[in-house]
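User: Please walk me through this structure. I am new to it.

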Amino acid sequence: MSFFEEQLKKGKFYICKCKNCNIIFWPIQKVCNKCGENTSGVESSCKGTIIEFSKKESEFFGLVKIDEDIRLLGKIISTELPRIGQSVVMEVGFQNRPVYSFIVEKN
Ligand SMILES: [Zn+2]
């Protein structure tokens, strides 16, 4: 199991950042492919916004852009119809593969 997967199991979403030029990489890589400097792991804020979504049976699925400018697919947890641009909080897990779910913030 990789470091990234271990962290997902703990509910943490890790990205990494170049120590020199501050570029964010995901998936995690050890070395910056721009300047060759080592990167360091950073925990994501796990906040994002809905880019698009669809309804399948009684559940919503969608594409979310998290604050670090990474796009992820997952289940959207909302009691009512979500809106594009709505703020969500991401919860992560690992069950044989990464699992992402997005909880719509009440407003
Ligand atoms: Zn760099």
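Predicted model: local features only at pLDDT ≥ 70, side-chain atom pairs only at ≥ 80, totals over all residues.

Analyst: Residues are numbered from 1 along each chain as its sequence is written.

User: In what order do the strands of the closed barrel run?
Analyst: Strands here are DSSP runs of E, at least two residues long, numbered from the N terminus. Two strands pair if DSSP finds at least two bridges between them. The closed barrel has 5 strands with mixed pairing, and its order is S4-S5-S6-S8-S7.

User: How many bridges join S7 to S8?
Analyst: S7 covers residues 87-94, and S8 covers residues 98-104. The two run antiparallel. Val89 stands opposite Ile103 in S8. The number of bridges joining S7 to S8 is 7.

User: Is Asn22 buried or exposed?
Analyst: Asn22 sits in the loop between S1 (14-18) and S2. A residue is buried with 20 or more other C-beta atoms, placed from the backbone, within 10 Å of its own, exposed with 12 or fewer, and partly exposed in between. Asn22 has 8, so Asn22 is exposed.

User: What is the phi of Asp69?
Analyst: Asp69 lies in the loop between S5 (59-66) and S6 (70-77). Most residues other than glycine have a negative phi. Asp69 has a positive value, near 70 degrees.

Methods. Helix = DSSP H or I, 4+ residues; strand = E, 2+ residues; numbered from the N terminus.
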